[in-house]
Amino acid sequence: MKVRRASLQDVHVIVKIHEERFPAFFLSTLGKDFLAVFYTGFLKNPGVLLVLEDSNEIKGFAAGSRDNRGFFRILIKNSFFQFTWAGIKILFSKPLALKRMAFNVSKSEKNNLIYAELLSIATLANKKGYGKILLAEFEKEIAKENIENLPLSLTTDFDENEKAIGFYKESGYEVYQIFESYQNRKMYRFIKNIVKK
Ligand SMILES: CC(C)(COP(=O)(O)OP(=O)(O)OC[C@H]1O[C@@H](n2cnc3c(N)ncnc32)[C@H](O)[C@@H]1OP(=O)(O)O)[C@@H](O)C(=O)NCCC(=O)NCCS
């Protein structure tokens with residue numbers, strides 16, 4: 001079993017795992033092509049995209065950023081033409097989705113706290129601790145180039161989400177705030193100090 005940085009060739013497997021493990025999530029409703037563009041953006045700094053391989057197959061991934069300041073704008077800039085094309089398609093098929101994306105981007109930019117962020121993590125069902133291993137490697141990867149000693153943060157659903165909430169608490173994350181996201185969706189923001197001692 002190993003965790004490594006993802007490459008462009010891995011993105012289609014990451015999209016497959018995302019679709020399987022986040023079937024009802026907003027990003028999944030935007031389709032495979034959008035998800036591929038989205039995850040490709042994490043291949044460039046300050047994005048971080050890791051995959052966990054077991055028996056030479058990808059079984060999970062973790063995506064995030066080294067710094068939340070303006071990250072979504074940088075992500076779009078990283079794959080500007082692909083995002084523009086995906087955005088045009090969504091404009092015709094799901095115009096309200098663009099409104100929701102703009103809401104999420106502007107909300108994340110109004111946040112005063114500065115942190116590195118885990119934006120997406122998923123593993124295929126397992127009894128081998130893939131999730132904990134991936135999360136620990138993601139923390140190490142962030143800590144490697146953490147000049148400003150930023151904490152690591154993430155958001156997750158407040159309701160009907162016991163497994164993920166327990167997973168983060170067991171991994172040393174503490175509740176920073178409870179807030180409402182798009183359409184009153186109640187969320188936790190978790191935080192962990194990952195400064196090397
Ligand atoms: C949240 C998530 C990433 C956690 O990853 P995970 O691999 O399931 O979590 P763990 O590392 O704790 O390990 C999984 C299981 O293996 C067990 N395990 C861990 N190490 C083990 C070992 N050496 N031997 C046997 N079992 C082991 C754990 O106890 C856990 O059991 P449980 O599912 O009965 O609690 C994963 O459940 C997932 O992808 N969920 C869907 C997407 C999602 O919600 N992502 C988070 C959004 S914020």
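Is the crossing in which H1 passes H3 left-handed or right-handed? Keep in mind as you look that this is a predicted model. The crossing of H1 past H3 turns out to be right-handed. To find the pair, look for helix H1 at residues 11-21, which packs against H3 with 9 Å between the two axes and an angle of about 120 degrees. Angles of 65 to 115 degrees would count as roughly perpendicular, and over 145 as roughly antiparallel, so H1 and H3 end up being called oblique to each other.

Now stay on H3, which spans residues 32-40, and turn to its pairing with helix H5, residues 80-93. Here the axes come within 10 Å and the crossing angle is roughly 150 degrees. Because of that angle, H3 counts as roughly antiparallel to H5. As for handedness, H3 and H5 make a left-handed crossing.

Next, a couple of backbone details. The peptide bond between Asn 45 and Pro 46 is cis, with omega at about 0 degrees. Carry on through S2 and there's another loop, between S2 and strand S3 (57-65), and this one holds Ser 55. Ser 55 isn't a glycine, yet its phi is positive, near 50 degrees.

How many residues surround it? The count is 17, and the closest are Thr 123, Lys 127, Gly 131, Lys 132 and Lys 163.

Lys 132 puts a backbone N or O atom 2.8 Å from an oxygen atom of the ligand. Gly 129 also uses a backbone N or O atom, this time 3.3 Å from a ligand oxygen. With Arg 21 the side chain takes part: one of its N or O atoms sits 3.4 Å from a nitrogen atom of the ligand. How much of the ligand does the protein cover? On its own the ligand has 940 Å² of accessible area, and the protein covers 66% of that.

Finally, where does the shell come from? The elements that each give two or more residues to it are strand S4 (116-123), helix H7 (130-144), strand S5 (152-157) and helix H8 (162-170).

Notes: Residues numbered from 1 in each chain as written. Predicted model: local features only at pLDDT ≥ 70, side-chain atom pairs only at ≥ 80, totals over all residues. Heavy atoms only, no water. Near = heavy atom within 4 Å. Polar contact = N/O pair within 3.5 Å; in protein donor to acceptor, adjacent residues only side chain to side chain. Areas by Shrake-Rupley, 256 points an atom, 1.4 Å probe, with all protein chains shown as cover. Helix = DSSP H or I, 4+ residues; strand = E, 2+ residues; numbered from the N terminus. Axes fitted to C-alpha atoms, helices over the stretch in contact; angles between N-to-C directions. Parallel < 35°, antiparallel > 145°, perpendicular 65-115°, else oblique. Left-handed = near helix turned anticlockwise from the far one by under 90°.
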